[in-house]
Amino acid sequence: MAVTAQHAPAVRISSPTGRWILLTTVLGSSMALLDSTVVNVALPRIGRDLDANLAALQWTVNAYMVTLAGLILLGGSLGDRYGRRRIFVLGVVWFASASLLCGLAPNVTVLIAARALQGIGGALLTPGSLALIQASFHPDDRGRAVGLWSGFGGIGAAVGPFLGGWLVAGPGWRWVFLLNIPVALVCAPVALRHVPESSAATGGTSPSQRGRGPGKGAAHGRFDVLGAALGALSLALVTYALIEARHGTLAVALTAAAGVLAAVAFVYVEKHRADPMVPPDIFASRQFTAVNLVTLCVYAAFGGFFFLTALQLQVVAGYSPLKAGTALLPTTVLMLLFSARSGALADRIGPRLPLTVGPLLCAVAMLLMLRVGKGAHYLTDVLPALLVMGAGMVTLVAPLTATVLASVDTSRAGLASGINNAAARAAGLIAVAALPLLAGMGPEAYRSADAFDVAFRRAMPICAAVLVVGAVLAFVAVRRPVKGCRRPECRTHGSVTTPPLETGRGGAASGTGPAS
């Protein structure tokens with residue numbers, strides 16, 4: 001029989017139910033997390049097997065990110081209103097169904113459409129995994145439960161590129177997606193049988209609801225569907241215009257204009273709606289605005305870097321998918337080992353210095369990647385750049401998350417984290433769309449080692465420059481938070497593609513973990 005939580009959460013981590021909850025949430029979040037780290041490694045094989053050009057490969061990544069970034073806050077609201085377990089299970093089933101369609105896709109058009117559907121599933125399950133832990137566990141066990149969830153998720157993030165490379169080189173790239181099916185077949189039934197149901201009415205709130213007041217907004221079913229749709233539409237149109245801009249047609253210009261108009265309409269709706277998805281007044285905090293600008297710069301560079309590096313290692317350096325996936329491990333391993341210490345250091349010295357030094361270290365790593373060309377040796381050419389990259393990410397990611405939470409009132413910390421997470425995803429997808437254009441990559445560039453190498457050497461300095469802009473913004477605008485402000489509950493982070501997502505402290509304590 002399924003369990004329903006009607007009162008204060010009281011599940012203990014040592015109980016069978018507690019262990020089932022951890023298993024369910026780790027499996028669910030790992031589906032989305034692994035998908036975000038393994039697809040880049042599979043891109044060259046996808047392009048070859050489906051006869052796809054570079055624009056199609058960009059869309060293979062971005063179709064997923066458009067729907068995920070545009071709908072993730074709405075996904076949290078749906079969980080508040082209709083039950084977190086219910087929406088989480090729906091997300092798992094949706095994600096797995098879309099993964100099946102990806103794995104069976106006969107052509108790249110179907111694959112891109114399926115990836116967009118995958119993003120919708122990700123938007124439903126991603127906010128729910130951590131929210132379920134916080135709404136279910138006894139307060140005395142909640143911190144340990146979040147820590148275990150974050151740790152196991154971080155291990156999944158580290159294994160992801162290696163697993164993706166092995167699958168691509170062995171059974172084939174389709175198994176990168178089909179692997180989600182057995183995971184979902186375990187996750188969904190366990191959740192329905194063993195995980196307590198919770199909602200805004202039974203306690204706890206998600207990032208999307210924080211700051212609206214208890215029982216308001218999502219609890220009454222007033223969803224900002226129009227705002228979510230306009231946000232996703234704007235991202236989709238701008239992405240299309242950037243990817244197709246090399247053709248310079250009237251249709252591209254009209255699409256770009258429509259994307260800008262959709263963005264303006266989104267801002268208008270959010271300003272005039274009683275329960276907006278992104279309340280404009282949260283940007284009255286100069287610190288919050290500044291740290292989100294830093295986030296846009298940093299994660300735009302990261303998005304472009306990981307997209308192009310996975311291709312560079314295979315197309316130019318001649319690495320196998322397995323070797324390319326394994327080559328990227330150091331950044332995640334360093335994050336897992338040292339992010340907690342970085343967060344503690346930032347607590348003592350303030351976030352300004354880490355948020356300045358971290359992007360600069362990452363910029364140096366981008367320039368070191370210029371050493372990676374034909375016949376590149378891993379130990380002397382690739383590894384130094386990735387170690388510096390990992391050091392930069394360790395330096396900045398934990399302080400970035402803490403600064404976001406500390407820049408707003410405690411009651412809006414979860415909302416602030418959700419906005420920051422969505423902003424990072426949007427920055428990454430815009431970078432994947434724009435960077436090949438700025439670097440002069442043609443539609444068939446990834447089929448030629450020489451052509452791709454030339455464009456890659458143009459792209460890395462662009463990424464480095466964007467990181468320098470982020471560092472300057474942090475140095476000029478970020479200040480030490482006031483004492484007594486909100487801090488992340490879990491300090492270990494494993495994701496290299498987005499900052500950790502923090503939920504609100506309503507009926508449950510909050511925490512962070514590996515963002516998917």
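The legends below describe close-up views of cavities in a predicted model.

Residue numbers start from 1 along each chain as its sequence is written, and side-chain values use heavy atoms, with hydrogens and water left out. Because the model is predicted, local features need pLDDT of at least 70 and side-chain atom pairs count only at pLDDT 80 or more, while totals for chains, interfaces and linings use all residues.

**View 1. Cavities in the whole structure.** A search finds eight cavities of 30 Å³ or more. A cavity is a set of points, on a 1 Å grid over the protein atoms alone, where a 1.4 Å probe fits but cannot get out; its lining residues have an atom within 4 Å of a point. Points are joined across faces, edges and corners, and the volume is the space filled by probe spheres set on them.

**View 2. The largest cavity.** This cavity holds about 270 Å³ of space. Its lining has 23 residues, and Ser36, Asn40, Val61, Met65 and Thr497 lie nearest the centre. Helices H1 (16-50), H2 (54-82), H10 (286-316) and H15 (413-438) each give at least two lining residues; helices are DSSP runs (H or I, at least four residues) numbered from the N terminus.

**View 3. Residue classes around the largest cavity.** Twelve lining residues are nonpolar, eight polar and three charged. Ala, Val, Leu, Ile, Met, Phe, Trp, Tyr, Cys and Pro count as nonpolar, Asp, Glu, Lys and Arg as charged, and the others, Gly among them, as polar.

**View 4. The second largest cavity.** About 130 Å³ of space lies here. Thr37, Pro161, Phe306, Leu328 and Val496 are the closest to the centre among the 13 lining residues. H1 supplies the largest share of the lining, four residues. The lining has seven nonpolar, six polar and no charged residues.

Definitions and conventions
On a 1 Å grid over the protein atoms alone, a cavity is a set of points where a 1.4 Å probe fits but cannot get out, and a pocket is an open set with protein on both sides within 12 Å along at least five of seven lines; lining residues have an atom within 4 Å of a point.
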